[in-house]
Amino acid sequence: MNPILHLNKLFDSRVRLGIMSALMANEEVSYNELKELLDVTDGNLASHTKALQVNKFIKVNKRFIGRKTNTTYQIAKHGDKAFRAHLDALEVMIKGVG
């Protein structure tokens with residue numbers, strides 16, 4: 001089967017690809033860490049994390065530290081599976097094996 005059929009359109013964005021990559025490599029990543037890592041604005045990061053959350057690819061945890069909100073993200077099982085399938089398809093394409 002053609003590996004391009006296994007690519008997930010949701011991961012076409014460099015920001016969403018970066019978010020998923022960071023979450024695959026870390027158990028939990030804070031909003032500020034993602035913002036700095038990806039060099040994006042608050043609005044940009046919020047829209048991309050929302051898209052991933054709506055599709056159940058990531059989990060959002062909001063806590064308060066004193067009076068400040070601390071938002072962290074984790075990869076969800078569904079997101080882990082979908083992202084691994086996307087990476088596998090990319091690898092097949094790169095290797096030229098079909």
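**Surface, helices and salt bridges of a predicted model**

Asp42 counts as partly exposed, because its relative accessibility is 40%. Here, buried means under 20% relative accessible area, exposed means over 50%, and partly exposed lies in between (1.4 Å probe, protein chains only). The structure is a predicted model, in which local features need pLDDT of at least 70 and side-chain atom pairs count only at pLDDT 80 or more, while totals for chains, interfaces and linings use all residues. Residues are numbered from 1 along each chain as its sequence is written, and side-chain values use heavy atoms, with hydrogens and water left out.

The overall layout comes next. The chain contains four helices and three strands, where helices (H or I, at least four residues) and strands (E, at least two) are DSSP runs numbered from the N terminus. Followed along the sequence, these elements give the pattern α-β-α-α-β-β-α. The C-alpha trace spans about 55 × 25 × 20 Å along its principal axes. Of the 98 residues in the chain, 35% are buried. The accessible surface comes to about 6,600 Å², and carbon and sulfur atoms account for 53% of that area. Such areas come from the Shrake-Rupley method with a 1.4 Å probe, and for residues only the protein chains shown count as cover. A contact means heavy atoms within 4.5 Å. Among contacts between residues at least 6 apart in sequence, 59% join residues at least 24 apart.

The segment before helix 1 (14-25) holds Ile4. Ile4 is partly exposed because its relative accessibility is 45%. With Leu5 and Met93, Ile4 forms a nonpolar patch on the surface, and the three have about 290 Å² of accessible area together. Patches are made of residues with over 30% relative accessible area and no salt bridge; like charges are joined within 9 Å, and nonpolar side chains (Val, Leu, Ile, Met, Phe, Trp, Tyr) within 5 Å.

Charged side chains supply another part of the picture. Side chains of opposite charge can pair when their charged atoms come close. Five salt bridges are found in the whole structure, each being a side-chain nitrogen of Lys or Arg within 4 Å of a carboxyl oxygen of Asp or Glu. Among them, Asp42 meets Lys35 at 3.0 Å, N to O; Lys35 is partly exposed, at 28% relative accessible area. Another joins Lys9 and Asp12 at 3.4 Å, N to O. Lys9 is exposed at 66%, and Asp12 is exposed at 52%. A further bridge links Asp80 and Arg84 at 2.9 Å, N to O. These two residues are four apart in helix 4, so about one helical turn separates them. Asp80 is partly exposed at 22%, as is Arg84 at 45%.

Asp39, in the loop between helix 2 and helix 3, has a positive phi of about 55 degrees although it is not a glycine. Lys56, in the loop between helix 3 and strand 2, has a positive phi near 60 degrees and is likewise a residue other than glycine. Are these residues buried or exposed? Asp39 counts as exposed because its relative accessibility is 67%, and Lys56 counts as exposed at 58%. In helix 2, Glu36 is exposed as well, at 70% relative accessibility.
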